Amino acid sequence: MRTMSTWLRQCVVAVAVLAAMTVILGVAYPAVVWGVSRIGATSAEGSQVTDRNGCVVGSSLIGIDPQVAAGEPDKYLHARVLGSSDDPMAPGDPAASAASNQGPNSEKLAGWIAERRQLIAAREGVSADRVPVDAVTGSGSGLDPHISPAYAALQVPRLARENGKSIAEVRQIIADHTVGRQLGFLGQPRVDVLEVNLDLGLTAPACD
């Protein structure tokens, strides 16, 4: 009888512990985590950035190079490239970030850089030696949301022409979205490509 009583007490304790842990770990903890994630909900959903219509147009953490159809005006600031053997100007793919894994002595990488330099120079109407290094090289992830002020400045004449704005207006838009060194000495000044493009009128495809 005593053995049965002890067994029943152990069963009751086990069921109570199971119920308590289910409530704590299966309900309370997920609810708390979800609640904390709602503080600054855009971060929890991928640091989303919306256009003037409230539609999601991108992320503040992921750079996507705006692509235009052949023959269409190239109205937006271009980001850095990821590149591939098929397309040296391939933009970063937010679904699968990856570097080329080509080292500084790679002939393939040198070929890509040379080709990119010529393509960008032709697009911007400048000599190839004016194309800055970040325009022809990708970041480690291939999804850098920023470019250097030098690369942004190179694109100003085209942006002004295609958007019907003055050089000064475009320069001011870029200046408004240029961030200096962190803490005054870390990193380099950088321009937020997506924010500039939003000010130039970039919108998301039709959304509900």
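Tutor: Two strands are said to pair if DSSP finds at least two bridges between them. The model is predicted, with local features needing pLDDT of at least 70 and side-chain atom pairs pLDDT 80 or more, while totals for chains, interfaces and linings use all residues. Numbering starts from 1 along each chain as its sequence is written, and side-chain values rest on heavy atoms, without hydrogens or water. Elements are DSSP runs numbered from the N terminus: strands are E, at least two residues, and helices H or I, at least four.

The open sheet has three strands, ordered β3-β5-β4, with antiparallel pairing. Its edges are β3 (146-147) and β4 (178-179), each of which pairs on one side only. Two bridges join β3 to β5 (residues 190-192), in the antiparallel sense. Ile147 has Val191 of β5 as its bridge partner.

Another pairing involves β1 (residues 48-50) and β2, which run antiparallel and share three bridges. Here Val49 is bridged to Gly58 in β2. Five residues separate β1 from β2 in this hairpin, and Gly54 in the turn has a positive phi of about 85 degrees.

A pocket is an open set of points on a 1 Å grid over the protein atoms alone, where a 1.4 Å probe fits, with protein on both sides within 12 Å along at least five of seven lines; lining residues have an atom within 4 Å of a point. The space in the largest pocket is about 230 Å³, taken as that filled by probe spheres set on the points. Its lining consists of 18 residues, and those nearest the centre are Val57, Ile64, Pro66, Leu194 and Leu202. β2 (56-59) and α7 (193-199) are the elements that supply two or more residues to this lining. By class, the lining holds 11 nonpolar residues, six polar and one charged (nonpolar: Ala, Val, Leu, Ile, Met, Phe, Trp, Tyr, Cys and Pro; charged: Asp, Glu, Lys and Arg; polar: the others, Gly among them).
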